[in-house]
Amino acid sequence: MIICRTIREVREAVGKEKSLSNTVSLVPTMGALHNGHLSLIETAKRNSEVVVVSIFVNPTQFAPNDDFNTYPREEERDIEKCRQSGVSIVFVPDRDDIYSDQSYLSIHIDQLNEHMCGKSRPGFFEGILQIVNKLFNIIQPDVAVFGQKDIQQFVILSIMAEEFNLPVRLIRAPTVRASDGLALSSRNAYLTDDERRIAPSLYRALVYIEKNILQGVHTPKMLISHQRMELETKGFNVDYLDVYSAKTLLPVETLREDNQYIIAGAVYLGKTRLIDNLMTKL
Ligand code: AMP
């Protein structure tokens, strides 16, 4: 496995593979790798000959009061996990190699970031588009793998790839969960024991909403507000909990046959923000 710390190094390593006609997939991460990330690597391995994992805690997707400084950083362990997973190239750039002091351009997002995480995290998805766009240009992968856990990210990136004709195929990998249903996340490390015990309630609320929708509740407003209240009673501070169109990412009042929906929620448990979602088709 090759460890690259600069853009020049990673371009050279990927270039060598491409010159051998090997296809390349990219798994972008912010490190603190868990089994969710490792499942993305497995998906990448099934879809290309060479897997590149990037590990970069991207400053431009954090707001001033976000957890950029405290975000878990476990570089050595991450690199070892990549090695054991059969990754070919790890890209661990320095901030200065990725960003200069002054940036003049950004990608504007219309509508797709007005709800879900975009609503409470201004600038978040612009920051993600900026870094993923850079990584695509640096590595020029044939395939890029992202997790369904960050579904709004996946939808917006897919639309970016389509609208800008990026020569990369995006793959959505399923959410990996702990045995009690909690979606794995690097931020779960922040949870106290008591918080960790109740954390799976978010997933259970989503499952309950989905079950009712599939049983015929096609106007789920009351159902959702009831689940929201239950979560609040348990000690969660609910940021959002709703059903969205998988195409437009707008909230949906009445669900229709043959359309795909995202049942999604974000909650604070103490200081920790948890997100989760299920995709459902009627
Ligand atoms: P992050 O390191 O949190 O930026 O995540 C890097 C990638 O891993 C993103 O595409 C996430 O959607 C994905 N990911 C994070 N958690 C999970 C999970 N529990 N299951 C599947 N993919 C995940």
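The legends below describe close-up views of a predicted model.

View 1. A shell of 17 residues surrounds the ligand, and the closest are His37, Gly147, Asp150, Val176 and Leu184. By class, 8 residues of this shell are nonpolar, 7 are polar and 2 are charged. Three elements, β2 (24-29), α2 (35-47) and β5 (143-147), each contribute at least two residues to the shell. The most comes from α2, which gives 3 residues.

View 2. The side chain of Asp150 places an N or O atom 2.6 Å from an oxygen atom of the ligand. For His37, a polar side-chain atom is 2.9 Å from a ligand oxygen atom. Gly147 takes part through its backbone, with an N or O atom 2.9 Å from an oxygen atom of the ligand. The protein buries 92% of the 480 Å² that the ligand exposes when taken alone.

View 3. Helix α7 covers residues 151-163. The buried residues of α7 are Ile151, Gln152, Gln153, Phe154, Val155, Ile156, Leu157, Met160 and Ala161. The cover over these buried residues includes the helices α5 (117-120) and α6 (124-139). It also includes the strands β5, β6 (169-173), β8 (260-269) and β9 (272-281). After α7 comes Asn165, which has a positive phi near 50 degrees.

**View 4. Gln111 in the loop between α4 and α5.** Gln111 lies in the loop that runs between α4 (95-98) and α5. Most residues other than glycine have a negative phi. Gln111 is not a glycine, yet its phi is positive, at about 60 degrees. With a relative accessible area of 32%, Gln111 falls between the limits of 20% and 50% and is therefore partly exposed.

**View 5. Gln140 in the loop between α6 and β5.** The loop between α6 and β5 holds Gln140. Gln140 has a positive phi of about 50 degrees, although it is not a glycine.

Conventions:
Residues are numbered from 1 along each chain as its sequence is written. This is a predicted model: local features need pLDDT of at least 70, side-chain atom pairs count only at pLDDT 80 or more; totals for chains, interfaces and linings use all residues. Side-chain values use heavy atoms; hydrogens and water are left out. A residue is near a molecule or strand if one of its heavy atoms lies within 4 Å of it. A polar contact is a pair of N or O atoms within 3.5 Å; within protein, one must be able to donate a hydrogen and the other to accept it, and residues adjacent in sequence count only if both atoms are side-chain atoms. Accessible areas come from the Shrake-Rupley method with a 1.4 Å probe; for residues, only the protein chains shown count as cover. Helices (H or I, at least four residues) and strands (E, at least two) are DSSP runs, numbered from the N terminus. Ala, Val, Leu, Ile, Met, Phe, Trp, Tyr, Cys and Pro count as nonpolar, Asp, Glu, Lys and Arg as charged, and the others, Gly among them, as polar. The expected span of a helix is 1.5 Å times one less than its number of residues. Buried means under 20% relative accessible area, exposed over 50%, partly exposed in between (1.4 Å probe, protein chains only). Contact means heavy atoms within 4.5 Å.
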